[in-house]
Structures are given as C-alpha cells and as structure tokens.
Amino acid sequence: MVENYQQRFSKLSEWLRRWSGLWVPRPFVGLPVSWEADFPDLARVLRALSEAEIDELESPGPDFSHLPEDFQGWAQQAKEFSQWPDLAKNEDLLPQVARPRRVPGKKWEQVRHFAAACLTHLPAANRDWLDWCAGKGHLGRTLAAWTEGQVTCLEQNQALCQDGETLSAKAGLTTRFVSADVLADSPQTLLDPERPVAALHACGELHMRLMQSAVARGVAHLAVAPCCYHRISVDPYPPMSEAARQSGLTLGRHHLRLVAFDEVLASPKRKRLRRVEQAWRLGLDLGLGESSGEDRYRPLGPAPRSWFRNDFAFFCSQMAERQELTLPPAWHPAQAESRGWQRLRTVRALGLVRGLFRRPLETWLILDRVLYLQESGYHVQAGSFCPYTVTPRNLLIMAQGR
Ligand SMILES: C[S@@+](CC[C@H](N)C(=O)[O-])C[C@H]1O[C@@H](n2cnc3c(N)ncnc32)[C@H](O)[C@@H]1O
C-alpha cells in the first residue's frame with residue numbers, strides 16, 4: 001500500500017503543535033517546567049523517581065505501565081506517529097559478505113543494510129554511485145564491490161580520502177575519491193541525472209544541500225539517511241517542503257538537538273562523564289544564581305575534558321576564572337555539588353516527557369524531506385534500514401525521478 005505521507009504529516013504537525021508545551025521547555029534550563037502546573041500528579045510521580053528508575057525509563061523499549069495515564073497516552077501516540085516500514089526486512093537480500101578489514105562492526109552493519117536497501121529498492125539505478133560526504137568511503141566501496149560499478153566518493157577531509165583510497169586499492173577496487181566541500185559550487189557538477197547518489201549520515205545542511213541540488217540537476221535516484229539535523233547555519237530551521245512551511249510549526253536549533261539526544265550507543269563510561277558534566281554545570285549554576293538573584297540557567301560554553309577529570313571545586317574555579325564569575329561568598333563546593341546531582345535527577349526525570357517527542361520530531365523532519373521530494377516530482381519511500389540499536393539515525397529516504 002502506498003503511504004499517504006501528506007496526511008500523516010498534517011496529523012503529526014497538529015499533534016506536535018497541540019503538545020508543544022511538553023517538548024519546547026527544557027527542564028535543564030529552568031524549574032519548575034511550565035507543564036507541571038497542568039499535570040501536577042505526573043510531575044510528583046516523576047520527581048519521586050530514583051536515579052536507577054530514570055536509567056531504566058531512558059533505555060530502549062522502556063516499560064511505562066507504572067506511570068500516570070497522561071504519560072502513557074503520549075507515549076502510545078508518539079509510538080504510533082513514529083512507525084516506519086523496515087526497508088531491509090528480508091535479511092536474505094543482504095549479500096553474505098564478510099566484514100572488510102578496518103570497517104568497525106557497527107559501521108559495517110549500517111553500510112551493508114544501507115547498500116542492500118539501495119540495490120533492492122532502486123534496482124533501475126545506474127551502478128556508478130556517488131557517495132556524498134563519504135568519510136573513508138565504506139559505503140561507496142561496498143556499493144562498488146557489489147555492483148562492480150565506478151563509484152565516486154565525495155569527502156572534504158583529505159586524510160579520510162587518502163585512507164579511503166588505500167582501503168580501496170587493497171580491496172582491488174577503482175573507487176575514486178574527490179576531496180571537496182559539498183557546500184561549495186564545484187562539487188555540484190558531480191551531480192548528473194544518471195548518477196545515483198547515496199548519503200549515509202551526512203549532517204544537517206550537507207544532506208539538505210544534496211537534496212536541493214539533486215532536484216535542481218534532475219538526479220534520478222537518491223538514497224539519504226539524514227543525521228545531526230541541528231547542524232545548520234540558520235536558526236530557526238528552514239523547512240524544505242511547502243507542506244512544512246504551511247504547518248504552523250517553527251523549530252529552533254534547540255528542538256532539532258532533541259532529536260540527536262539519544263544515548264542508546266553511548267558506553268557506560270561516556271554516559272557517566274556526561275552526567276558529571278551536567279551535574280557540575282547545574283551545581284555551579286545554582287550557586288551563581290544565588291549570588292546574582294537570577295533563576296535562569298546561564299550556559300558557560302564548552303569546557304576542556306580535563307576539567308571534569310579533576311574535582312568539582314577545580315572545575316568551578318577554572319570556569320569562574322575563564323568567565324570572570326564571582327562565586328558566592330559562602331561557597332561550599334561539596335554542598336553545591338550535591339545540589340547539582342539532585343537537580344540533575346529532577347531534570348532527567350521531568351525530561352522523560354520531552355524525550356517522548358524525540359522520535360516524532362525526527363519523523364516530522366523525515367516527512368518534510370519526503371514531501372519536498374514528492375513536491376519536486378519524485379516517487380519516494382522511507383523507512384528504517386537497520387535496527388535502532390545499530391544506529392539511532394536509522395531512517396532512510398529513497399527517491400526516484402518520475
Ligand atoms: C558523519 S560522517 C559520515 C561519513 C560516512 N558517510 C559514513 O557513514 O561513515 C560525515 C562526513 O561528512 C564530511 N563532511 C563534513 N562537512 C563536509 C563538507 N562541507 N563537504 C564534504 N564533506 C563534509 C565529514 O568529514 C565526515 O566524513
């Protein structure tokens with residue numbers, strides 16, 4: 001059955017507009033969150049959660065059955081809005097090829113599923129693919145090996161191009177690497193109607209530019225798995241489709257960041273480091289708030305990793321010196337740190353509500369791209385190309401010119 005993306009998009013836009021009070025405010029920036037006044041029972045239950053319970057509820061496939069009905073209702077709707085067909089459903093379609101050397105395990109899972117989806121769903125595409133923002137060209141080399149075509153990899157970073165060329169030569173492939181900035185004019189000439197283009201995890205503006213240039217140059221086949229939607233040079237987000245421009249939703253970069261905020265692949269060590277950073281920033285901020293009388297989080301900019309390997313007092317003194325801040329006269333680092341950790345627990349607990357909207361927002365962004373391509377005359381299908389646990393950015397848009 002052909003999916004009516006337009007209908008799905010307008011229902012989703014309406015739902016996101018209706019509940020914007022739940023996903024726009026960021027608990028990290030200020031408490032209480034505005035929705036707490038409207039849902040006091042939910043706020044009370046969430047604020048009482050332990051750190052272990054929050055960890056559990058933040059992990060993939062959580063059990064929300066013990067949470068209040070409002071929360072469960074939103075979770076159910078979020079799930080329904082975020083359903084996508086599995087484009088790599090039939091594992092038998094995947095060529096049984098061993099993982100090439102120097103391709104990390106998770107990357108190989110992404111690449112082989114992506115390449116299989118290209119070959120299955122775009123069978124009329126020419127074999128001479130262009131890999132857009134190719135990195136070392138793991139995808140491009142895989143397509144070259146499976147199709148025996150002349151694949152071109154476009155990548156800005158010269159060192160990655162050189163590594164890719166070496167890997168390509170070792171595998172006996174003739175993959176060509178072109179080192180260029182895809183946002184500049186010249187690489188656009190590599191886009192020609194007969195050359196299909198694949199883009200695996202080209203960030204925000206990089207894949208948006210590809211789609212716009214591909215439409216302008218009449219590229220017949222496109223396969224794009226977007227990522228890092230917030231990496232755009234303008235704020236708010238400029239919708240791609242007419243449908244999104246008419247949707248009444250305006251997304252700022254902060255909203256787009258929410259999409260990329262899943263920790264599913266973060267190692268326990270990385271998660272722990274992030275928690276330390278968040279708790280320390282909150283602890284320092286609470287202290288600064290007391291001395292200034294302002295109750296609003298003040299971002300203090302990025303800090304070197306080394307500051308977080310030392311203790312909280314060291315972090316505060318470094319930050320105070322760099323930012324020319326005055327710490328409160330009666331400053332007790334141990335107390336401030338402990339308040340930072342308590343605050344973080346509350347922020348994470350209340351943030352569970354906002355987290356429900358992560359995948360629906362990503363779905364909205366994918367549908368914006370799908371509708372843009374449809375409005376431009378393409379036949380489009382979208383779905384997941386690999387399991388979420390391989391990469392949370394597992395949605396793929398495939399388009400064929402009519
Ligand atoms: C997230 S990586 C994805 C790489 C590869 N497609 C993969 O999946 O392994 C994004 C790549 O885009 C490249 N890139 C960033 N900005 C670029 C630009 N303006 N022009 C070309 N490549 C760019 C980066 O160097 C990086 O290799």
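User: Let's start with helix 1 and helix 5: what's the handedness of their crossing?
Analyst: Helix 1 and helix 5 cross in a left-handed way. Keep in mind that this is a predicted model.

User: Switching to aromatics. How many aromatic pairs are there?
Analyst: The count is 15 aromatic pairs. One of them is Y237 with W364, an edge-to-face pair with 6.5 Å centre to centre and 65° between the planes.

User: Where do those two sit in the fold?
Analyst: Y237 is in the loop between strand 5 (221-227) and helix 10 (242-245), while W364 belongs to helix 16 (residues 358-375). The pair therefore ties together parts that lie 127 residues apart in sequence.

User: Buried or exposed?
Analyst: Y237 and W364 are both buried.

User: What about F312 and F315, how are those rings arranged?
Analyst: They make a tilted pair, with 35° between the planes and 6.4 Å from centre to centre. F312 and F315 are three residues apart in helix 14 (residues 312-323), so about one helical turn separates them. Both F312 and F315 are buried too.

User: Which cluster do they belong to?
Analyst: Ring pairs join F312 and F315 with W280, F308 and W331 in a cluster.

User: New topic: V380. Where is it?
Analyst: V380 is in strand 6 (residues 378-384).

User: Is that spot buried or exposed?
Analyst: Buried, since the relative accessible area of V380 is 5% and the cut-off for buried is under 20%.

User: What does V380 touch, leaving out residues up to four places away in sequence?
Analyst: V380 touches Y5, V370, L373, Q374, I397, M398 and A399.

User: And how far is V380 from Q400, in sequence and in space?
Analyst: V380 and Q400 are 20 residues apart in sequence, with 6.5 Å between their C-alpha atoms.

Definitions and conventions. Residues numbered from 1 in each chain as written. Predicted model: local features only at pLDDT ≥ 70, side-chain atom pairs only at ≥ 80, totals over all residues. Heavy atoms only, no water. Phe/Tyr/Trp six-rings, centres within 6.5 Å; stacked < 30°, edge-to-face > 60°. Helix = DSSP H or I, 4+ residues; strand = E, 2+ residues; numbered from the N terminus. Buried < 20%, exposed > 50% of the residue type's maximum accessible area, 1.4 Å probe, protein only. Left-handed = near helix turned anticlockwise from the far one by under 90°. Contact = heavy atoms within 4.5 Å.
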